[in-house]
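Please look over the structure below.

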Amino acid sequence: MTYEVKSLNEECGVFGIWGHPQAAQVTYFGLHSLQHRGQEGAGILTNDKGKLRRHRDTGLLSEVFKNPVNLEKLTGSAAIGHVRYATAGEASINNIQPFHFKFYDMEFGLAHNGNLTNTQTLKKELERNGAIFSSSSDTEILAHLIRRSHNPSFMGKVKEALSTVKGGFAYLLMMEDKLIAALDPNGFRPLSIGQMANGAIVVSSETCAFEVIGATWLRDVKPGEVVIIDDQGIQYDTYTDETQLAICSMEYVYFARPDSVIHGVNVHTARKNTGRRLAKEFKHEADIVVGVPNSSLSAASGFSEESGLPNEMGLIKNQYIQRTFIQPTQELREQGVRMKLSAVSSIVKGKRVVMVDDSIVRGTTSRRIVQLLREAGAAEVHVAIASPPLKYPCFYGIDIQTRRELIAANHTVDETCEIIGADSLTYLSLDGLIESIGLETDAPNGGLCVAYFDGNYPTPLYDYEERYLESLKEKTSFY
């Protein structure tokens with residue numbers, strides 16, 4: 001199988017609420033704040049006095065609920081919602097979440113953010129025992145494990161299932177009488193709990209959703225924790241004591257919205273700190289700093305303040321471009337880049353420009369942006385990346401599962417610099433990234449997963465072990 005990475009993409013975002021008369025509407029606004037985490041599909045499932053209703057479809061949230069009736073029919077005081085980007089399972093409506101399972105003695109809804117690393121093993125075992133899967137998503141695994149369990153209590157079944165699945169996961173499980181949230185033992189994916197003015201409890205992949213709906217942050221869900229929310233309030237429990245915080249460092253670098261707070265650290269502040277540290281590690285003369293919109297603007301701000309160089313808006317992003325499809329010719333592909341991004345000649349002409357970006361994946365976009373700046377008259381273009389070289393696959397919920405498309409895995413820094421056409425290329429050091437984010441923890445790597453940079457994974461890779469070993473042998477030239 002061939003994998004091609006065009007850009008980094010997060011698996012998805014989840015949102016849940018318990019105790020609000022307009023639960024579906026609040027969930028819609030919450031998901032809208034999480035749209036950056038997935039644009040391939042969206043869905044909402046509500047609980048109306050034990051009766052579960054759902055609407056889901058492919059496309060952006062606004063497209064899925066373009067017809068107001070689709071939202072109005074989702075009555076009830078509790079809901080879970082999901083926005084999806086596919087890393088496990090194809091982009092069809094059967095894979096759009098939340099899933100809705102109906103059995104003779106119960107029904108429940110399920111939404112999942114992350115990626116399981118032992119999916120194939122579990123799926124084979126479950127199918128041998130009679131399980132029938134209706135999707136190709138790894139999310140469905142948990143439902144079958146819950147039903148298969150012989151534990152006499154339902155929460156016992158849930159805990160047993162959570163202990164069986166491996167990898168990165170943040171689950172929301174909607175029952176007839178409760179909402180359950182759970183996080184993997186390493187906390188790879190973020191998940192937070194908040195409360196609205198009317199007492200409604202909300203759970204979200206990012207805290208930025210709380211601001212939109214007027215909720216107050218209560219606390220983050222901890223690694224290995226299972227949270228039960230019902231009419232009596234919130235109950236915190238655990239399904240394992242073998243935990244070790246390893247939050248995905250790319251949440252801070254790229255994925256999360258800058259106004260979100262993850263494990264006590266504001267994302268904008270973390271990115272600004274990476275820019276400051278990057279400026280200290282930068283060894284070249286320059287005139288101005290230009291951040292690549294939008295996720296690199298915070299880092300560019302920090303770089304500018306530390307270096308004393310003016311932070312200029314030398315690149316402008318067209319905010320109305322939703323998606324760019326692959327064009328059939330190189331000329332049209334280049335035109336597509338110009339539709340999304342423009343260089344401001346009056347700002348960069350004759351200047352030695354530091355182009356600050358958050359990461360380099362394949363290098364194609366970096367090369368085109370450097371070219372835009374040169375065509376706009378930049379005297380020199382020095383590329384500064386606010387993260388270390390991206391060299392290794394991710395198996396916990398980001399769509400990088402091969403080294404074939406990672407330019408840093410196949411070329412040295414000097415070679416990469418030549419490929420993207422820059423005058424220099426500077427990556428942030430790994431220590432610089434860890435210290436810049438600055439989580440208050442004694443966990444390895446400052447409580448971060450940095451496997452994409454150093455190849456040291458916090459957990460066994462299970463079904464992905466063979467693919468990972470194969471990826472180490474891959475070599476692709478980008479010249």
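## Contacts and fold

Take the contacts in the protein chain with a separation of 6 or more: 70% of them are between residues 24 or more positions apart. This is a predicted model.

The protein chain holds 18 helices and 23 strands. Its C-alpha atoms fill a box of roughly 70 × 50 × 45 Å along the principal axes. The radius of gyration is 23 Å, which agrees with the value near 23 Å for a compact globule of 479 residues.

## Burial, surface and charge

How much of the chain is buried? Of the 479 residues, 59% count as buried. The cut-off for that label is under 20% relative accessible area.

The protein chain exposes about 19,800 Å². Carbon and sulfur atoms supply 47% of that area.

Charged side chains come as 48 positive and 58 negative. The centres of the two sets lie 4 Å apart.

## Cis peptide bonds

Start with the bond from Q97 to P98. This peptide bond is cis, with omega near 5 degrees. P98 sits in the loop between β4 (78-84) and β5 (99-102).

Now take the bond from P293 to N294. It is cis as well. Its omega is near -5 degrees. N294 lies in the loop that runs between β17 (288-291) and α10 (297-307).

K49 is not a glycine, yet its phi is positive, at about 55 degrees. Where is K49 placed? The residue is in the loop between β2 (41-48) and β3 (51-58). Is K49 buried or exposed? K49 has a relative accessible area of 84%.

N445 belongs to the loop between α16 (430-437) and β23 (448-449). Its relative accessibility is 32%. Partly exposed covers the range between the buried limit of 20% and the exposed limit of 50%, so N445 counts as partly exposed.

## Summary

The protein chain has 18 helices and 23 strands, and 59% of its residues count as buried.

Notes. Residues are numbered from 1 along each chain as its sequence is written. This is a predicted model: local features need pLDDT of at least 70, side-chain atom pairs count only at pLDDT 80 or more; totals for chains, interfaces and linings use all residues. Side-chain values use heavy atoms; hydrogens and water are left out. Helices (H or I, at least four residues) and strands (E, at least two) are DSSP runs, numbered from the N terminus. The radius of gyration is taken over C-alpha atoms; the globule rule is 2.2 Å times the number of residues to the power 0.38. Buried means under 20% relative accessible area, exposed over 50%, partly exposed in between (1.4 Å probe, protein chains only). Contact means heavy atoms within 4.5 Å. Accessible areas come from the Shrake-Rupley method with a 1.4 Å probe; for residues, only the protein chains shown count as cover. Lys and Arg count as positive and Asp and Glu as negative; His and the chain ends are not counted. The place of a charge is taken as NZ of Lys, CZ of Arg, CG of Asp or CD of Glu.
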